[in-house]
Amino acid sequence: MTKKFWLALALAAMAMFIVACGGGDTDDEGTTDENGTEEADSGEATAPEDIEGDITILHQRTDINDTVFEQDYRERFNEVYPNINLSFEAITDYQGQVQIRMNTQDYGDVLLIPDSVVPGDLPHFFEPLGTVDEQLEEYLFADDFAYEGLSYGIPIVVNANGIVYNTEVFEEAGITDIPATPDEFIEALQAIKDNTDAIPLYTNYGDAWPLDQWEPNRLSIAGDEQFINDLIDTEAPFSEGEPHYTLYKVMYDAANQGLIESDPLTTDWELSKQMLADGEIGAMVLGSWAIVQMQETAEASGYDSDVIGYMPFPYTQDDGTVYSVVGGDFNLAINVNSDHKEAARAWIDWFTHESGYAFDQGGISPIVGEDFPDTLAAFEELGVEFISDATHREGEEGWLDDIDNISEVGFWQANFKQRIIEAAIGNRNESFDDIMDDLNSKWAPAREQVVNQ
C-alpha cells in the first residue's frame, strides 16, 4: 500500500470511534459553508467584506507570532476579510495566564481553551460553534470540549504522541533498534550516557508544561480506547501494573539513574530545541507537533532535517502491537463575551481551512479526510497503530475531570511529575511508590464523591 493510502486508512479507523455526545440545538448566529463564509439562518451568505470588527486572538506560539501570525496570516486573512482588524497576543505561560484572565471578561475574542476548563463551565466562557453531530462531520475531536450536545472548540492540529530524538546521537550510542519496552528505553538512555556526550533524556522540568506531554502516553500502555472510562471505575489508578504507574516509572528511573539533565531546575525550552538539533540531547517526550520545530532548528544549524527522528512511546502489547495516541491539540474557541462573534468565527474558519497551520507544523489536519503528514511516515515502517480515547459514557461526561480536580492529582498539571523528578534526584525524602500511594489516597475519596453524587 502507498503511504497516503495507509495513513488514510488509519485516519478512517480513528474516526470510526469518535462518537457524538448527543443532540441539541445551537443558538449560534449561523452555520459556515465550505469556504468559511458565514450563512445567516435565512440561508443567505454574509459576504466576507461585510463582516467587520476588531478582534484579539490569544495563542501560545510566541516563536512565530511576529513572523507567521503578524505578517503571513494577517495579510492573507485580510485579503478575504478586509474589514476585520486582527490583534495577536502570544503568551509564554499560556495556560496559567489565560486561566487568570478568565476570571474577567478580558480574555480575547478568539482563544485556545485551557485544559483545566471542565465541560460544565464551557457555556459560561465560550460561544457554541455548533452541535457535536454537525461538527464531527467536519472536524476530528470536535467533541473534546463539548457539553449537552454542543461543541465549543476545534483543534488547531491533531497530534500523535511519542518521543522526538536525535538519530545521530542514537547511532553514535550504538542503538540499532527503536526501544520497544520501558526497560529497553532505559538501556538505550544508558548507552547514550556511556558512549556520547549528550544528555540522554531532557525533561524540561523548569518550564513545567513539557512534563504534561507524558500524560497522553497512558493510553499507549493501556491499549484500550475505553481506558478513560475505566479510570472512573478504578479506585487506585497509580498502583503497580496500572498504566500510570508504568508510564511515570520510566520518568522516575531515568532521573534516578542520572539519565536526565544535571540540573532540572534550570532547563530552558527554546534552548532545548537547539540542543537536540546539535546532538547535545538524545531524546524528549513530546507530541508530534514538536517534530517540525526541531527539524527547522536543525536545518538552521546546518544539519539535515533527517537528524530528527520520532518514535512511539516504548511499550509493546502482549499481542505485539505498539500504539501511538492520537488526539486534538489546543482547541480554538470564541469568548462568549466577545462583541464581534461573527468576525471571531471568520478567523476560526479561515485558520482551520486556509492557513495551513496543521500541515506546516507537521501535524494531522483536524479536517476529516485530510492526508496524514510525512513527519509520521516512520510509524508506518514500525507498524505503529493509532489509538484515541473513546467518548465518556452517557451520563458521566465531565466525571473524570471532576475527580481529577477534586483530588488535586492533576493529570494535565506538572505538579506530581515535578515531584517524581525531585524525589528521583534526591531533593525529596520519598520514594516513587510513596508518591504513587499518596496519589491513590487522594484519588479514592474524590472518585467516591463524584460517582455517588
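Reader: Is Asp304 buried, partly exposed or exposed?
Author: This is a predicted model, and in it Asp304 is found in the loop between α12 and β13. The cut-off for exposed is over 50% relative accessible area. Asp304 comes out at 52%, so the call is exposed.

Reader: Which helix gives the most to the negative patch?
Author: Asp304 is one of the residues forming that patch, along with others including Glu168, Glu171 and Glu172. Two helices, α6 (167-172) and α12 (289-300), each supply at least two residues. The one that gives the most, with 3 residues, is α6.

Reader: Which residues of β13 are buried, and on which side?
Author: In a regular strand, side chains alternate between the two faces of the sheet. For β13, both faces are covered. One side has Ile308 and Tyr310, and the other has Gly309 and Met311.

Reader: Which residue stands opposite Tyr310?
Author: Look at strand β10, residues 158-166. It pairs with β13 in the antiparallel sense over 4 bridges. Opposite Tyr310 you'll find Val164.

Reader: Which are the edge strands of the open sheet of 3 strands?
Author: That sheet runs in the order β6-β8-β7, with antiparallel pairing. An edge strand here pairs on one side only. That gives β6 (130-131) and β7 (146-147).

Reader: How many residues apart are Asp233 and Arg393?
Author: These two form a salt bridge, with the closest N and O atoms 3.2 Å apart. Asp233 is in helix α9, while Arg393 is in the loop between β16 and α16. So the pair links distant parts of the chain, and both partners are partly exposed, at 44% for Asp233 and 29% for Arg393. Their separation is 160 residues.

Reader: Which residues are joined into one network with Arg428 and Glu422?
Author: The side chains of Arg428 and Glu422 meet in a salt bridge of 3.2 Å. Arg428 is partly exposed at 34%, whereas Glu422 is buried at 17%. Salt bridges that share partners bring in Arg419, Glu430, Asp438 and Lys442.

Conventions: Residues are numbered from 1 along each chain as its sequence is written. This is a predicted model: local features need pLDDT of at least 70, side-chain atom pairs count only at pLDDT 80 or more; totals for chains, interfaces and linings use all residues. Side-chain values use heavy atoms; hydrogens and water are left out. Patches are made of residues with over 30% relative accessible area and no salt bridge: like charges are joined within 9 Å, nonpolar side chains (Val, Leu, Ile, Met, Phe, Trp, Tyr) within 5 Å. Accessible areas come from the Shrake-Rupley method with a 1.4 Å probe; for residues, only the protein chains shown count as cover. A salt bridge is a side-chain nitrogen of Lys or Arg within 4 Å of a carboxyl oxygen of Asp or Glu. Lys and Arg count as positive and Asp and Glu as negative; His and the chain ends are not counted. The place of a charge is taken as NZ of Lys, CZ of Arg, CG of Asp or CD of Glu. Buried means under 20% relative accessible area, exposed over 50%, partly exposed in between (1.4 Å probe, protein chains only). Two strands pair if DSSP finds at least two bridges between them.
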